[in-house]
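Dear colleague,

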Amino acid sequence: MSATFMDRLTDRIARRPGGLIGRLIYRHPAGHETSFAMMLDALHPGPEDRLLDLGCGGGVFLERVLARGASAAGLDHSPDMVAETRRRNAAALAAGRLALHQGDVARLPFGDAAFTLVTSLNAFFFFPEPQAAIAEMARVLAPGGRLGIVTTPPEQAAMLKRWFGPVAARMRLDAPDSLAGWMADAGLIPGEVKPVRQVGYLITARKPAMPASIGAEITMPGFHGRITGRLGPATAPLLVVDALVDGAIPPHAAVADELVVVLDGRLRARMGGAEHLLGPGDHLIVPAGTIHEAVAETPARLLLMGPPEQAAPPDHAPEITPAAPPR
């Protein structure tokens, strides 16, 4: 078979799915079920989350995310896959809980810090610019947001060739260390790596809620801050953020205890089911892990104090062992 024919076949069934065959494969992607379940278990999307799925395929994973109460967006470069996702999730689209885009993962059509969760399942090995794609994932993540990618490592190349023949040669296989390096370069804190039966591995990362360096900026919808200094001992510092709130800050979780002091303007915050109206001189303590949100009644300047979020010592990536082929 010619290289041109194999490129077309790879596109039709995997890299850029389309037509009747592509729709049928991704309408019932049985080989991806383990990936879907593990990603949901790793990220726990819920009503407070806004999730972006890159390479969304037929929209099966997005359907499960929406069923947990989250809002979502999906992006795929295949118009047929966008159409299939639209068909499958028509009610969520009509309700405004889902947005769909055809586009390029290395040039996302979304604003900075627009999502609390970003995922890519069984598609990363077809992204032509992997490092640029991860940088874009980091850009659209809100502070404290999490990223999850399921892909396949190089040690499974021979097995993939047995299963899929020449199609496997058109997949780019990356080791967990490579993804962790790209994540760190994009300002993310790489997390754990777990083997995924029949596929490869799941790797996660977090965007720091509080970067460690003075001068670093923290941006999310309605909030723009700059770390201006630190207090306390070097072994357990508190960073000081000078921030402006000029809109609605969406719900998000504090990674560590935070102290908010309003210097000017008025801010309405909601935390733990209670509402707080804050003016000049008022303060609010946000305990670690607490979901909270706020909106500026007038543009508000505040000081935010909390510890930096540091990367944990890297774990050794588990060996990814071959599994039985998908049925």
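Phe124 is buried, with a relative accessible area of 0%; here buried means under 20% relative accessible area, exposed means over 50%, and partly exposed lies in between, for a 1.4 Å probe and protein chains only. The model is a predicted one, in which local features need pLDDT of at least 70 and side-chain atom pairs count only at pLDDT 80 or more, while totals for chains, interfaces and linings use all residues. Residues are numbered from 1 along each chain as its sequence is written, and side-chain values use heavy atoms, with hydrogens and water left out.

Aromatic pairs

The structure contains five aromatic pairs. Rings of Phe, Tyr and Trp (for Trp, its six-membered ring) pair if their centres lie within 6.5 Å; planes under 30 degrees apart count as stacked, over 60 as edge-to-face and the rest as tilted. Phe124 and Phe127 form an edge-to-face pair, because their ring centres are 5.5 Å apart and their planes stand at 65°. Phe127 is buried at 7% relative accessibility. Phe125 and Phe126 are also paired edge-to-face, at 5.1 Å centre to centre and 85° between the planes. Phe125 is buried at 9%, and Phe126 is buried at 14%.

Salt bridges

There are 13 salt bridges, each being a side-chain nitrogen of Lys or Arg within 4 Å of a carboxyl oxygen of Asp or Glu. One of them links Glu297 to Arg268, with the closest N and O atoms 2.5 Å apart. Glu297 belongs to strand β15 (residues 291-306) and Arg268 to strand β12 (residues 258-271), so this pair ties together parts that are 29 residues apart in sequence. Helices (H or I, at least four residues) and strands (E, at least two) are DSSP runs, numbered from the N terminus. Both partners are partly exposed, Glu297 at 40% and Arg268 at 26%. A network of salt bridges links Arg268, Arg270, Glu275 and Glu297.

In helix α7 (residues 130-140), Arg139 and Glu136 lie three residues apart, about one turn of the helix. Their salt bridge has its closest N and O atoms 2.7 Å apart. Arg139 is partly exposed at 24%, whereas Glu136 is buried at 12%.

Helix α3

Helix α3 (residues 33-43) has as its buried residues Thr34, Ser35, Phe36, Met39, Leu40 and Leu43. The helix is followed by His44, whose phi is positive, near 50°.

Yours sincerely
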